[in-house]
Amino acid sequence: MANEISTIGVLTSGGDAPGMNAAIRAVVREALTNGKRVMGIKRGYAGLLQEEIFEMSAIDVSDIIQRGGTILQTARCTEFTTPEGQQKGAEICRKHGIDGIIVIGGDGSFRGAQKLAALGINTVGVPGTIDLDVACTDYTIGFDTAVNTAMEAIDKVRDTSTSHERCSIIEVMGRGAGFIALWCGVANGAENVLLPEKYDYNEQALVNNIINNRKKGKKHHIIINAEGIGHSTSMAKRIEAATGVETRATILGYMQRGGSPTAKDRMKASMMGAYAVDILCQGKSNRVVGERGGRLMDMDIDEGLAMTKAIDDYEYLVSCNLSK
Ligand code: ADP
Ligand code: F6P
């Protein structure tokens, strides 16, 4: 078979996400089942360039499916964005006999995989990011856990917000995308949800909403603000001054990236990791694994990276309708 591979490398890159360990476990065990050797690469592309490479056996991925983070560690690596760095990475792969590589990460990491594929190393990307911002797939590993973690934290903030009759601005992660914010907006029953894709920066409308809700007897006012808008602390000061309602900002931060993955993340990660191995074994390269319409699929990385993903208009409309 053309492009037949014998040794598969696996790395995690970019921000960690709950479920990455389940994906690593699936890669290792599916590859071994198919008679391939597996090499773990530590610290993403940085570790590849440092040759932090070791052979993995089935026992190396025992007792990790329930753990957050990534046992391979992850990193961001500027050197790998240069042609020299990419050439060096491909040579190191060849030196260690790695002829196929599985990259678990987001769009940036897939750009790296694309470069390795162009240099003759078969590559497959597996979408692992809490942000859900990989356009070619409906699902990214880590999103479900992150949203549930954020939702539980916001419920707690709401308790104290209600007790003190305060307004709370709660900032959630998502980089430039508002998916985590939208889901928390609906799941937490927030009064306002500010998404980078939708927010018109009309703060007076927020102020009016808070004042109207007070008149209706609401004792809390939850504003979910996406990281892509940011500036929650200064926003809180302005809103308090304009409304007379005590307003606090809470930035949830990295807690959203940690913790034991949900069943959904473990399941999706296991399937995507195994599927990545299967398509490498079929001789495919420069592919990204994803889920569309509830089914596993793969597509060309170039095509995947050229796609865009929008907030669902209906979901946003309903989130607004239910926030009254
Ligand atoms: P994510 O994969 O979550 O989107 P980043 O955007 O930080 O995270 O990318 C992770 C790593 O992928 C970067 O640190 C870099 O090593 C590599 N990378 C990003 N963009 C490119 C690129 N255009 N070419 C090669 N490698 C890239
Ligand atoms: O991509 C995941 C993410 O947590 C984003 O939500 C956030 O913008 C970014 O990573 C933070 O990255 P860093 O770990 O470099 O602070």
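User: What should I know before I look at the sites?

Analyst: The model is predicted, so local features need pLDDT of at least 70 and side-chain atom pairs count only at pLDDT 80 or more, while totals for chains, interfaces and linings use all residues. Residues are numbered from 1 along each chain as its sequence is written, chains are lettered from A and ligands numbered from 1 in the order in which they are written, and side-chain values use heavy atoms, with hydrogens and water left out.

User: How do I read a pocket, and what volume does the largest pocket have?

Analyst: On a 1 Å grid over the protein atoms alone, a pocket is an open set of points with protein on both sides within 12 Å along at least five of seven lines, where a 1.4 Å probe fits; lining residues have an atom within 4 Å of a point. Points are joined across faces, edges and corners, and a volume is the space filled by probe spheres set on them. Here the largest pocket has a volume of about 610 Å³. Among its 31 lining residues, Gly-14, Gly-15, Arg-76, Gly-108 and Arg-175 are closest to the centre.

User: Which element gives the most to the shell around ligand 1?

Analyst: Helices are DSSP runs of H or I with at least four residues, numbered from the N terminus. Helix 4 (residues 107–118) gives the most to that shell, with six residues. Helix 4 also gives the most to the lining of the largest pocket, again six residues.

User: How do I read polar contacts, and which residues make them with ligand 1?

Analyst: A polar contact with a ligand is a pair of N or O atoms within 3.5 Å. A polar side-chain atom of Ser-109 lies 2.5 Å from an oxygen atom of ligand 1, and one of Lys-115 lies 3.2 Å from a nitrogen atom of ligand 1. The protein covers 82% of the 550 Å² of accessible area that ligand 1 has on its own, by the Shrake-Rupley method with a 1.4 Å probe.

User: And which side chains contact ligand 2?

Analyst: Tyr-254 places a polar side-chain atom 2.3 Å from an oxygen atom of ligand 2, and Glu-227 has one at 2.8 Å from an oxygen atom of ligand 2. Alone, ligand 2 exposes 400 Å², of which the protein buries 78%.

Terms used
A polar contact is a pair of N or O atoms within 3.5 Å; within protein, one must be able to donate a hydrogen and the other to accept it, and residues adjacent in sequence count only if both atoms are side-chain atoms. Helices (H or I, at least four residues) and strands (E, at least two) are DSSP runs, numbered from the N terminus.
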